Amino acid sequence: MSLDVAAPGDDHADMISQSYQLYVERTDPAKNMARYYAMAIEQTMFGEACLTRRWGRIGRRGQEKQHVFEREEEAVLLFLDLLKQKRARGYLPRTGLQLSQS
């Protein structure tokens, strides 16, 4: 098969089926704790599913880790497992968000 010729079929067959994004925080002023945890599943340029995790102190850059999977389902399973772990540790969606009006 030549790389110059487009393969027949559906161009969107390998795309991520829906958006997976999460941002949660855990704060405890008595312990000087202000942490965030963010996750998203996106498609790599090679068509693989990539789960990107970011975490750290609120207001700081923090750390990042990426997990690449051949199938979207594998990324979703890890996403849900990590969500369950974070909820058990007290992470909650941020409240009191104000959208700026232009």
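**Salt bridges, fold and nonpolar core**

Arg-54 and Glu-64 form a salt bridge in which the closest N and O atoms are 3.1 Å apart; the term denotes a side-chain nitrogen of Lys or Arg within 4 Å of a carboxyl oxygen of Asp or Glu. Arg-54 lies in strand E3 (residues 49-57) and Glu-64 in strand E4 (residues 63-69), so this pair ties together parts that are 10 residues apart in sequence. Helices (H or I, at least four residues) and strands (E, at least two) are DSSP runs, numbered from the N terminus. The model is a predicted one, in which local features need pLDDT of at least 70 and side-chain atom pairs count only at pLDDT 80 or more, whereas totals for chains, interfaces and linings use all residues. Residues are numbered from 1 along each chain as its sequence is written, and side-chain values use heavy atoms, with hydrogens and water left out.

In total, the structure holds three salt bridges. Side chains of opposite charge can pair when their charged atoms come close. Another of these bridges joins Glu-25 to Arg-94, with 3.9 Å between the closest N and O atoms. Because Glu-25 lies in strand E1 (residues 20-28) and Arg-94 in the segment after strand E5 (92-93), the bridge ties together parts that are 69 residues apart in sequence. Glu-25 counts as buried, at 14% relative accessibility, while Arg-94 is partly exposed, at 41%. The remaining salt bridge links Arg-71 with Glu-73, the closest N and O atoms being 3.3 Å apart. Arg-71 is partly exposed, with a relative accessible area of 46%, and Glu-73 is also partly exposed, at 46%.

Strand E5 includes Pro-93. The C-alpha atom of Pro-93 is separated by 8.8 Å from that of Arg-26, a residue 67 positions away along the chain. Not counting residues up to four places away in sequence, Pro-93 touches Tyr-23 and Val-24, where contact means heavy atoms within 4.5 Å.

The protein chain contains one helix and five strands, which run β-β-β-β-α-β from the N terminus on. Of its 102 residues, 28% count as buried. Among contacts between residues at least 6 apart in sequence, 40% join residues at least 24 apart. The chain exposes about 8,300 Å², of which carbon and sulfur atoms supply 49%; accessible areas come from the Shrake-Rupley method with a 1.4 Å probe, and for residues only the protein chains shown count as cover.

The largest nonpolar core has 14 residues, and Tyr-37, Met-39, Ile-41, Leu-51 and Phe-79 touch the most other members. E1, strand E2 (33-43), E3 and helix H1 (72-88) each supply at least two residues of this core. The largest share, four residues, comes from H1. Such a core is a set of buried Ala, Val, Leu, Ile, Met, Phe, Trp, Tyr and Cys residues joined through side-chain atoms within 4.5 Å. Leaving aside neighbours within four places in sequence, Leu-51 is in contact with Met-39, Ala-40, Ile-41, Lys-65, Gln-66, His-67, Phe-69, Ala-75, Leu-78, Phe-79 and Leu-82.

Methods. Buried < 20%, exposed > 50% of the residue type's maximum accessible area, 1.4 Å probe, protein only.
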